[in-house]
Amino acid sequence: MSYIEPKEFAVKMVDSGEQKIFMSTKDTIVRAFMAGAILGLAAFFAITVIVKTGSLLTGSILFPVGFIMLYLMKFDLLTGVFTLVPLAVLDKRNGCTVDQMLRNWGLVFVGNFAGALTVAFFASFILTYGYNTDGGVLAAKVSSIGESRTLGYQEHGFAGWMTIFIRGMLCNWMVSMGVVGAMISTSASGKMMAMWMPVMLFFFMGFEHSIVNMFLFPFSMIMGGDFTVMDYLVWNEIPTALGNLVGGFVLVGLPLYLTHVKESPARKREQARREKLA
């Protein structure tokens, strides 16, 4: 059957987290680099579609193509390892420690950032013919996005910071539903559909994804966005990443683990109890 019961794929989630912890440094970084690069390219594609069509919905419908490509190639995003890797530690798998989890997160972060930054350079280069012309309408759009999603939050102080954090939570709630949802099916088409819906939702709603932002904000700065690296880190990347961690683990990984891997015994029906007492 192409459908897998949650009880089965929940164990696969823990297995996947364990596998990622023990993956070699080279493989972890290469897979993370490719994931960051492909997601950055998907964001560039979606923004281009939005600018050319004037339709956020159209861009949102098409954006998941990049997420699907990287998932099918088994490349790793920080948002995904936030959800899966802690489960191996929680399950007390042999050798799966907090230190090993943090090592994995650090390597994936570095790889994702390097891949996203590379695509930001490629995108800015081709828009400006090697930085010799103006980037046009697309450059202006990207610059305004970068400013509004850093300085715009900063204007609201702590409430703005918490807004990013919660948007990061909501984002990885949806993205991680795509990651684990793909485990429900053994067919490529089923996996694609399971990933497409929640990823489309997060993009359309303007939730914050730390790896998309690793591409978007450096790209915005290169294109003339009037904000600093510190503005980007404090007023977007850090609260977004923390929100992604909470959303992925607390709202997706942990509930599935607690109710399907560590499932409690079912309660007996009242009738069965009465028959036993009779």
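Buried means under 20% relative accessible area, exposed over 50%, and partly exposed in between, with a 1.4 Å probe and protein chains only. The model is predicted: local features need pLDDT of at least 70, side-chain atom pairs count only at pLDDT 80 or more, and totals for chains, interfaces and linings use all residues. Residues are numbered from 1 along each chain as its sequence is written, and side-chain values use heavy atoms, without hydrogens or water.

Select Asp-91 to start. Asp-91 sits in the loop between α5 (78-90) and α6 (98-127); helices here are DSSP runs of H or I with at least four residues, numbered from the N terminus. Asp-91 is buried, because its relative accessible area is 19%.

The axes of α5 and α6, lines fitted to C-alpha atoms over the stretch in contact, come within 10 Å and cross at roughly 170°. That makes α5 roughly antiparallel to α6, the word used for angles over 145 degrees between N-to-C directions, on a scale from 0 to 180. Residues that meet across the pair include Phe-82 and Val-85 in α5, and Trp-105 and Phe-109 in α6.

Finally, select Phe-204, in helix α10. Phe-204 is partly exposed, since its relative accessible area is 37%.

Conventions. Helix = DSSP H or I, 4+ residues; strand = E, 2+ residues; numbered from the N terminus. Parallel < 35°, antiparallel > 145°, perpendicular 65-115°, else oblique. Contact = heavy atoms within 4.5 Å.
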